[in-house]
Amino acid sequence: MSAAERRANAIERPLDNVKNVSRRGFLKGMLSTGALILSVHLLPREARGGATPISLGTTHADRATLHPSAFVGVDSDGTVYIVAHRSEMGNGVRTSLPLIVADELDADWDRVKVEQAIGDWRYGGQDTDGSHSIRDFIDVMRQAGGTARVMLMEAAAAQWKVAPGDCETDLHEVVHRATGRKLGYGALAAAASKLPVPRKEALRLKNKSQWRYIGKGHSSYDLEALCTGKAIFGMDARMDGMVYAAVMHPPVLGGKVKSYDDKEALKVRGVRQVVAIDPFQPPAAFQPLGGLAVIADNTWAAFQGRKKLAVVWENGPNAVYNSAQYKKELLETARAPGKIARNTGNVEAEFEKSSHVIEAQYYIPHLAHAPMEPPVAVAEYRDGKVTAWTCTQNAQAAQDIIAEQLKIPLDNVTCHVTLLGGGFGRKSKPDYVAEAAVLSKKVGRPVKVVWSREDDIKFGYYHTVSAMYVKAALDAKGKPTAWLQRSVFPPIASTFKVGERYAAADDLGLGWTDIPYDIPNLRVENGAATAYVRIGWLRSVANIYHAFAIQSFSDELAHAAGRDPVEYLLELIGSPRHVDLKDTEYPNYGAAYTAYPIDTARLHRVIQIAAEKSGWGKRKMGNGTGMGIAVHRSFLTYVATVVEVEVDNHGKLRIPRVHTAVDAGLITNPEMARAQFEGAAVFGTSIARSGEITATNGAIDQSNFYDYPVARMPEAPQHTDVYLVDSDAPPAGIGEPGVPPFVPALCNAIFAATGKRIRELPLSKHQIT
Amino acid sequence: MIRLKVNGIERSFDDDPTMPLLWYLRDELALTGTKFGCGMSLCGACTVHLNGKAVRSCVTQMRQLENAEVTTIEGISAKGPHPVQRAWMQLNVPQCGYCQSGQIMSAVALLSSNRSPSDQEIDEAMAGNICRCGTYQRIRAAIKAAADATHERG
């Protein structure tokens, strides 16, 4: 079966939010979008024994004595190999998914070796974004471990001539309690490998009380390597005989080289040659941006050579983009009627007759991901085949774009995945990996493409710029009887389809159509906006601006009514229920609404926990100190955040404490989950304080951390307390849901402290630093 | 020809004297624990010790390094994890981990000049090291833990 067939057969999650909006463009409908079962079948017996074709890439798990699944192998020495098929970027997935396999296998974690998968559809989807790794793969992982465990128990039972049902396991051993006999997994692996692979129904999966690792967690598999400089990131990958490349990209998206002079560049010591990369054919999608590559013996020489290039650019139509003017247009569009995405009752009639109407507009500029490790990849093209090593969130998309760019079969592309020095969504777009492959073919050697920080900031897939308008009619007690909200932003789909100006249901389903308030007249709209830069998903995606508008406006209404913001928020959400979205196109992050409804009782609970733990209402606020609250459900997880601030007379902001309450259903690895929410508060701080990408005549104005500052230790929250709700609900997202409520909670706290309402980010625009 | 010591080993360098130490370490010596983050001394990912002091290797040119002693993350962990690294592990500091070599090198330098830094002193000393994952509160706690551990050993 070819890789393309494997992919077509692979049953992806149903439309998994934004990712699929984009993926539609280049996968051309190859993905099934309806079914739910994952593709990861246990390998048939015939496929065992090392018969796996080379192009698939074999793993230690494949080659182990017992290997009943693509994800796990048990060797005769007792070593258990577990394949991590999704990308590690600090999310902990390389630890948490293998832990689930190890749990059902009842393996000793100290005897487990985790190996990173190459891009390969036999594992199912590998695009590590959208906070759904655990949710989508917990069953697959449990089955993988459970399958091996059953086979080991059966092998032991046959040897002891007892019923398999009388055997149990205990930490890497099969045990027959009645006689006290024990056999280690290693000793049983060969015999177990001769047994038929059991069907899913025949597995004896553990019940919750038997779990050894799930819900308890473990520190990072890579912890020591990460603390000693031994961990290998994309920046650290090397191939024999490789050369280094720095690419001068067109300053304006879609620009072309009109003419260039490379004489001075070629004089730089260590520079070998200058190579042109063709401009992309719109839509940009994941194609290389085009431009000129300086090929050199080391990174420094490549950077120096690039500085000496003299290029005349033909900028093309995107040179009209000036973000200051664009902002005005966006805010204007947001004030005019848009496309209706959800409609209940009659907001217009209610606004007509109401004597008390409040409206407000909110705005967040473009943001850049700025992972600490800029995009980087090394690739070798040889004899019609490509091997790449890179820090990618999406090895399969890297394979796709390389095959497409070099016009070679997908099976001829092998993409190895290193650790990622941060991702935040940037590294699920593999344009830089394609650059390395294209350049390798041109220069006839392995090429390592290194993006500088300036490349990263100036040539990103930007979090979209957005304008929101919200209007409410209020009754005598200050409670809304009608609510209209409209968001306007160039959509992610524009990167994958030329001229796309409206948001997809996927974008709007990120915190906009799913507003959980109990209001009889409610309308949700979206206005059109043209994209002039590549728009891409960034950690938490549209939830960032949607939560900012809704949760800031809610706080405004609470203060207008003279009410306590926590009590008011609880009332807005209303009675315990599942929010009715029957008449709304709502993808629910690709999950079935029956399994993951919007449960207002869970929203209430996290608000109450955050309020109680923070001592809400018990402390005197004002005069420069304040607390703010916000709540938001995203990636199926419920989060309430209380932020404490101090703002002095000069606008100097300090964030002494953050309290975050999280209901994410079953949490596999609580300590790592806590870390994700601590980090989300810092990520949110960067967005709120200083996150702003602007453009002049189509070119991005910012370039490095001096003009695109991110939060440093003194600016970040001094301490974030995370409270995880103990829950029997199915697992939900961890990596992203912490960011959206943080930003409005911070701004609401600033209002409480200073009386200054923040409707436009970043805070640096308001002399708050 | 520039002669220097890297992690105690004698080295000689005969290339572009304006090359930053960072790229010599990474591309020539394959000491990849030291990371590239910004190239402008803004993020601290490339922090190493030059004659015992923390410097940003991305702006330290090779021509400045005649007879210099350079220590990288690989150098401080040669004889097993350093107390600061142990504290980092105890508190599960890293997320993606990319910046942590630089963070650890800055922390080691801080503790060598200030055996029990206050929160504010830690914030000031570490403000040059960016962590985009947001591990700052654990970094602060790990520095204190390492300081305490050093005191206990006397």
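In this predicted model, begin with chain A and find the open sheet built from four strands, which line up in the order E22-E23-E24-E27 with mixed pairing. The strands at the two edges are E22, residues 625-634, and E27, residues 720-724. Each of these has a single partner strand, so one side of each is left without a neighbour in the sheet. On average, and ignoring direction, neighbouring strands here are turned by 15° against each other.

Strand E23 of chain A covers residues 637-647, strand E24 covers 653-663, and the two pair in the antiparallel sense over nine bridges. For a landmark, click on A:Ala640, which stands opposite A:Ala661 in E24(A). A helix packs on this sheet too: H19 of chain A, residues 670-690, touches E24 and E27. Its direction makes about 135° with that of E27(A).

Over to chain B, where you'll find another open sheet. Five strands form this one, in the order E2-E1-E5-E3-E4, and again the pairing is mixed. What sits at the edges? Strand E2 (9-13) and strand E4 (53-56) of chain B do, and because each has a single partner strand, one side of each is left without a neighbour in the sheet. In this sheet, neighbouring strands are turned by 40° against each other on average, direction ignored.

Look for B:Val6, which stands opposite B:Ile9 in E2(B). Helix H4 of chain B, residues 100-113, packs on the sheet by touching strand E3 (47-50) and E4, and its direction makes about 40° with that of E3(B).

E3 and E4 are worth a stop of their own. Four bridges join E3(B) to E4(B), and the strands run antiparallel. One of the pairs to look for is B:Leu50 with its bridge partner B:Lys53 in E4(B). Together E3(B) and E4(B) form a hairpin with two residues between them. In that turn, B:Asn51 has a positive phi of about 50°.

Next, step back and view chain B as two domains: domain 1 spans 2-75 and domain 2 spans 83-153. Their centres, taken over C-alpha atoms, are separated by 21 Å. Where they touch, domain 1 of chain B puts in 14 residues and domain 2 of chain B puts in eleven. On the domain 1 side, the elements giving two or more residues are E3 and E4 of chain B, and E3(B) gives the most, with three residues. By residue type, the domain 1 side divides into six nonpolar, six polar and two charged.

Finally, how do the two chains meet? The contact takes 44 residues from chain B and 47 residues from chain A. On the chain B side, at least two residues each come from helices H1 (21-28), H2 (73-76), H3 (83-90), H4, H5 (119-126) and H6 (136-153). The side of chain B that touches chain A divides into 23 nonpolar residues, 14 polar ones and seven charged ones.

Methods. Residues numbered from 1 in each chain as written. Chains lettered and ligands numbered in written order. Predicted model: local features only at pLDDT ≥ 70, side-chain atom pairs only at ≥ 80, totals over all residues. Pairing = 2+ DSSP bridges. Axes fitted to C-alpha atoms, helices over the stretch in contact; angles between N-to-C directions. Contact = placed C-beta atoms within 7 Å. Nonpolar A, V, L, I, M, F, W, Y, C, P; charged D, E, K, R; others polar. Domains from an automatic or database assignment.
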